[in-house]
Amino acid sequence: MVQLLGPQDRLLRMVESAHPDVDVHVRGNEITLRGAEADVRAARALVDELLQMTKAGHALGEADVASSARMMRDESGPRPSEVMGEAILSSRGKTIRPKTVGQKDYIDAIDQNTIVFGIGPAGTGKTYLAMAKAVQALQRREVDRIILTRPAVEAGERLGFLPGTLTDKIDPYLRPLYDALNEMMDPELVPKLMATGTIEVAPLAYMRGRTLNNSFVVLDEAQNTTPEQMKMFLTRLGFGTKMVVTGDITQVDLPQGASGLRLVTRVLEGIDDIHFARLTSDDVVRHSLVGRIVDAYSEYDERRLAARHERDEAAEFANRAERRAANFPKASRATGPRDRTPKRGRS
């Protein structure tokens, strides 16, 4: 019961916020729900699912309760215990597992396809889950090595010339990948695996000219690849290799030109053994504000695009009006009364 309530009854408050018309009371090991019959039935279904997950050893967090509440609203969809019941990786007392239906579909696609594109906003676990699947594949000896790469592109600012060796210069761009690795594996083991080449973390430019066999390759921040870089990366695919490409097409930091990730969705859509997993704000597993921030920016972008479309239509209408006005005098002269002056030589 303590696991269900959470520290300072925070998880219980999450259940109440998901069902505001139901009063939830706890006394000892007994939970009482009061409200309209339909509301109580829905709240009880949520509590039963949460109890089932705690009995299975699932350490619930606020994000788990919020995600479970969303899943329970869709009666035709999978149950939270089905989505969150599959553990990908357990390390240092922490279990990594999907927390939303979108994330579950994403990791299922990784199991079933050679190339998977994970596209979605920040906080949806695109890269983290892909790296967990990579570590899982290495531990199961399904692959011989893990290759993690990302383009070295600054996020809208100029850092200038960084001091140190080439490794020192590119490390800041790859730091998120190192951090995730140290969470999923023994931090003392990671340097040894990197020294033997079993795990490689490198900028995208280092991929050119290589054929990657028996590897699990993750390309992060793919929205910052050019179309040429994306083609180069995908054609590195060798035998026994699986590729996962992750990115957020709403956060492109390229100084100019098209995003390779945005283009590839139109070029490779529909090809067998290539899957595009699209995650949304419903799959955000960070602070609840992150999902609302993503939605707010999406609504702003939609309004801006709609306003631009209206301006373009107005400008086109004005241009057509100007062209008609410019052509009108010529048309009037062409269709006006004919000159009746007799031609020479006629009487």
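This is a predicted model: local features need pLDDT of at least 70, side-chain atom pairs count only at pLDDT 80 or more; totals for chains, interfaces and linings use all residues.
## A first look

Is Asp111 buried, partly exposed or exposed? Asp111 is partly exposed, with a relative accessible area of 44%.

Among the elements of the chain, strand 5 (residues 115-119) has the highest mean pLDDT, 97, while helix 1 (residues 2-5) has the lowest, 59. Take care with residues 155-159 as well: pLDDT stays under 50 there, and the model has four contacts beyond four places in sequence for this stretch.

## Salt bridges

Now let us look at charged side chains. Side chains of opposite charge can pair when their charged atoms come close. In this model the count comes to 13 salt bridges.

One of them joins the side chains of Glu86 and Lys104, at 3.7 Å from N to O. Glu86 lies in the loop between helix 5 (80-84) and strand 3 (89-91), and Lys104 lies in helix 6 (residues 101-112), so the pair ties together parts that are 18 residues apart in sequence. The two partners can be found at these levels of cover: Glu86 is partly exposed at 30% relative accessible area, whereas Lys104 counts as buried at 17%.

Lys104 also forms a salt bridge with Asp108, and here the closest N and O atoms are 3.0 Å apart. Both of these residues belong to helix 6, where they sit four residues apart, about one turn of the helix.

Asp111 returns here, in a salt bridge with Lys133 whose closest N and O atoms are 2.8 Å apart. This pair links distant parts of the chain, with Lys133 in helix 7 and Asp111 in helix 6, 22 residues apart. Lys133 is buried, with a relative accessible area of 4%, and Asp111 is the partly exposed residue from the opening question. Elsewhere, salt bridges with shared partners join Glu86, Lys104 and Asp108 into one network.

Where is Lys126? Lys126 is in helix 7 (residues 126-139), and this lysine is buried, with a relative accessible area of 11%. The side chain of Lys126 reaches the backbone oxygen of Pro121 at 3.0 Å.

Leaving aside neighbours within four places in sequence, the contacts of Lys126 include Tyr106, Gly118, Thr246, Asp248 and Leu279. Lys126 and Asp220 are 94 residues apart in sequence, yet their C-alpha atoms are 8.8 Å apart in space.

Which residues of helix 10 (residues 227-234) are buried? They are Met230, Met232, Phe233 and Leu234. These buried residues pack against strand 5, strand 6 (145-150), strand 8 (215-219), strand 9 (242-247) and helix 11 (260-267).

Note on methods
Residues are numbered from 1 along each chain as its sequence is written. Side-chain values use heavy atoms; hydrogens and water are left out. pLDDT is the predictor's confidence in each residue, from 0 to 100. Helices (H or I, at least four residues) and strands (E, at least two) are DSSP runs, numbered from the N terminus. Contact means heavy atoms within 4.5 Å. Buried means under 20% relative accessible area, exposed over 50%, partly exposed in between (1.4 Å probe, protein chains only). A polar contact is a pair of N or O atoms within 3.5 Å; within protein, one must be able to donate a hydrogen and the other to accept it, and residues adjacent in sequence count only if both atoms are side-chain atoms. A salt bridge is a side-chain nitrogen of Lys or Arg within 4 Å of a carboxyl oxygen of Asp or Glu.
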